[in-house]
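Here is a short briefing to read with the model open beside you.

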Amino acid sequence: MTGTGRPTRARDLCLALDLPLERKNIENTRAKLKCLVSLGILVETEPGSLAQPRP
């Protein structure tokens with residue numbers, strides 16, 4: 001997520017992790033990213049776009 005310098009979507013992260021682009025993989029990744037948002041590790045810049053918070 002830090003290498004791109006821009007917000008990332010769950011589908012893009014699946015591609016980067018070489019996961020098959022199946023709905024279940026994308027939805028599971030999205031759910032995990034939403035948990036990271038709730039913990040304050042990531043921020044949701046717009047619906048579906050996630051990034052690391054700026055210091």
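Which side chain meets that of Arg 30 in a salt bridge? The partner is Glu 27, at 2.7 Å from N to O, where a salt bridge is a side-chain nitrogen of Lys or Arg within 4 Å of a carboxyl oxygen of Asp or Glu. Please keep in mind that this is a predicted model, in which local features need pLDDT of at least 70 and side-chain atom pairs count only at pLDDT 80 or more, while totals for chains, interfaces and linings use all residues. Residues are numbered from 1 along each chain as its sequence is written, and side-chain values use heavy atoms, with hydrogens and water left out.

**Salt bridges**

- A search of the whole structure finds two salt bridges.
- Arg 30 and Glu 27 are three residues apart in helix 2, so about one helical turn separates them; helices here are DSSP runs of H or I with at least four residues, strands are runs of E with at least two, and both are numbered from the N terminus.
- Arg 30 is partly exposed, with a relative accessible area of 32%, and Glu 27 is partly exposed at 36%; buried means under 20% relative accessible area, exposed over 50%, and partly exposed in between, using a 1.4 Å probe and protein chains only.
- The side chains of Lys 34 and Glu 44 form a salt bridge as well, at 2.8 Å from N to O.
- Because Lys 34 lies in helix 2 and Glu 44 in strand 1, this pair ties together parts that are ten residues apart in sequence.
- Lys 34 counts as partly exposed at 38% relative accessibility, as does Glu 44 at 31%.
- Side chains of opposite charge can pair when their charged atoms come close.

**Helix 2**

- Helix 2 has 16 residues and reaches 23 Å from its first C-alpha to its last, close to the 22 Å expected at 1.5 Å a residue; the expected span is 1.5 Å times one less than the number of residues.
- The buried residues of helix 2 are Asn 25, Ile 26, Thr 29 and Leu 33.
- Seen down the axis of helix 2, its buried residues fall within an arc of 95°, so they line one face of the helix; the arc is that of the directions from the helix axis to the C-beta atoms.
- Arg 23, Lys 24 and Ser 38 are exposed on the other side of helix 2.
- The cover over the buried residues of helix 2 includes helix 1 (10–16) and strand 2 (49–51).
- Just after helix 2, Gly 40 has a positive phi of about 85°.

**Asn 25**

- Asn 25 sits in helix 2 (residues 23–38) and counts as buried because its relative accessibility is 15%.
- The Asn 25 side chain reaches the backbone oxygen of Pro 20 at 2.9 Å.
- Not counting residues up to four places away in sequence, Asn 25 touches Cys 14, Leu 19 and Pro 20; contact means heavy atoms within 4.5 Å.

**The nonpolar core**

- Seven residues make up the largest nonpolar core: Ala 10, Leu 13, Cys 14, Ile 26, Leu 33, Leu 42 and Leu 50. Such a core is a set of buried Ala, Val, Leu, Ile, Met, Phe, Trp, Tyr and Cys residues joined through side-chain atoms within 4.5 Å.
- Helix 1 and helix 2 are the elements that give two or more residues to this core, and helix 1 gives the most, with three residues.
- Leaving aside neighbours within four places in sequence, Leu 13 is in contact with Thr 8, Thr 29 and Leu 33.

**Strand 1**

- Val 43 lies in strand 1 (residues 43–46) and is partly exposed at 32% relative accessibility.
- Beyond its neighbours within four places in sequence, Val 43 is in contact with Val 37, Ser 49, Leu 50, Ala 51, Gln 52 and Pro 53.
- Val 43 and Arg 54 are eleven residues apart in sequence, with 9.2 Å from C-alpha to C-alpha.
- Glu 44 is in contact with Lys 34, Val 37, Ser 49 and Leu 50, again leaving aside neighbours within four places in sequence.
- A polar atom of the Glu 44 side chain lies 2.9 Å from the backbone nitrogen of Gly 48.
- The C-alpha atoms of Glu 44 and Leu 33 are separated by 9.3 Å, and the two residues are eleven apart along the chain.

Notes: A polar contact is a pair of N or O atoms within 3.5 Å; within protein, one must be able to donate a hydrogen and the other to accept it, and residues adjacent in sequence count only if both atoms are side-chain atoms.
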